[in-house]
Amino acid sequence: MPIHGTLFSDFQETAAREPFVLQNKKLLKIQMGYGPVWAKSGSMIAYQGDVHFQNKGSGGLGRIVKSAVTGEGVSMMECTGQGELFVADGAADVQVFYLENDMVSVNGASVLAFSSSIEWDIHRLQARGAAMTGGLYNVSLRGTGYVAVTTQGEPVALDVASAPTFADAQAVVLWTAGVSADIRVDTGGLSSLVRGGTGETFQIAFGGRGYVVVQPSETVVSGGHQENRTKSSGGGLGGLFG
């Protein structure tokens, strides 16, 4: 070949045959021969073979109603066929794990793809003692199959059973079954509010047994409970709650 350099040798397609495998840190390769998958609408980067896409929106009447009421807006597409599908989301890092008759609660903006065997729904976490807030909305994924989520940078998985655990609501990616989560509203006091707030008004307190995954970014702006930092840092509700 008359083209010289390492481009074609260093970035060749991975040969792994697992259903979900990372092509690199930011690109997921899905083997379609294992059955249909759900993927975030617009996440297709490329495919080889015969792959078809159907926009399912929020998927199911119940979820559509919840989406309309809450503004959750988790848009998914059903991917079917044969071949290899490559998906990504804004060059975010991709994390893959396998659920075995288990459940995770995921920020809607972080959902990238999951096996069709996984059941999903939108659920709400109500803030205690904060009647003016509508709650925090996440996507529950339950069952057996592969799940891929995105993170802004490399995440950390915190064992909530080891110590009281709190996180900025805009940095939480997901938590596992067995973990309890409550919204805390911490204004920093009146003097802090007068000065514009601390930027850490909305926190989530975690308990129980399991893990919470947080990312080193607080700027995810679509889906789930995440919202632009500038809209919530001044002590107002912004778009964090529905």
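Strand 6 gives the most residues to the lining of the largest pocket, with nine. (Strands, E with at least two residues, and helices, H or I with at least four, are DSSP runs numbered from the N terminus.) This is a predicted model, where local features need pLDDT of at least 70 and side-chain atom pairs count only at pLDDT 80 or more, while totals for chains, interfaces and linings use all residues. Residues are numbered from 1 along each chain as its sequence is written, and side-chain values use heavy atoms, with hydrogens and water left out.

**The largest pocket**

- A pocket is an open set of points on a 1 Å grid over the protein atoms alone, where a 1.4 Å probe fits and protein lies on both sides within 12 Å along at least five of seven lines; lining residues have an atom within 4 Å of a point.
- The largest pocket has a volume of about 250 Å³, counted as the space filled by probe spheres set on the points.
- Its lining is made of 18 residues, and Phe97, Val104, Leu174, Thr176 and Val213 lie nearest the centre.
- At least two lining residues come from each of strand 6, strand 9, strand 12 and strand 15 (211-214).
- Sorted by class, the lining holds 13 nonpolar, three polar and two charged residues. (Ala, Val, Leu, Ile, Met, Phe, Trp, Tyr, Cys and Pro count as nonpolar, Asp, Glu, Lys and Arg as charged, and the others as polar.)

**The nonpolar cores**

- A nonpolar core is a set of buried Ala, Val, Leu, Ile, Met, Phe, Trp, Tyr and Cys residues joined through side-chain atoms within 4.5 Å; buried means under 20% relative accessible area and exposed over 50%, with partly exposed in between (1.4 Å probe, protein chains only).
- In the largest core, which has 17 residues, Met76, Val106, Phe114, Trp120 and Leu141 touch the most other members.
- Strand 6 (93-106), strand 7 (111-115), strand 9 (136-151) and strand 12 (172-176) each supply at least two residues of this core, and strand 9 gives the most, with four.
- Another core, of 15 residues, lies apart from it and includes Phe20, Ala39, Met77 and Cys79.

**A look at Ser140**

- Ser140 sits in strand 9 and counts as buried because its relative accessibility is 13%.

- Strand 2 (residues 27-31) is largely enclosed by the rest of the structure, because five of its five residues are buried.
- Leu27, Lys29 and Gln31 point one way from strand 2, while Leu28 and Ile30 point the other way.
- Strand 1 (residues 20-24) runs antiparallel to strand 2 and is joined to it by four bridges; two strands pair if DSSP finds at least two bridges between them.
- These two strands form a hairpin with two residues between them, and Val21 has Lys29 as its bridge partner in strand 2.
- Four bridges also join strand 2 to strand 5 (residues 76-87), again antiparallel, with Gln31 opposite Glu84.

- Ala91, in the loop between strand 5 and strand 6, has a positive phi of about 60° although it is not a glycine.
- Asn101 belongs to strand 6 and has a positive phi near 50°.
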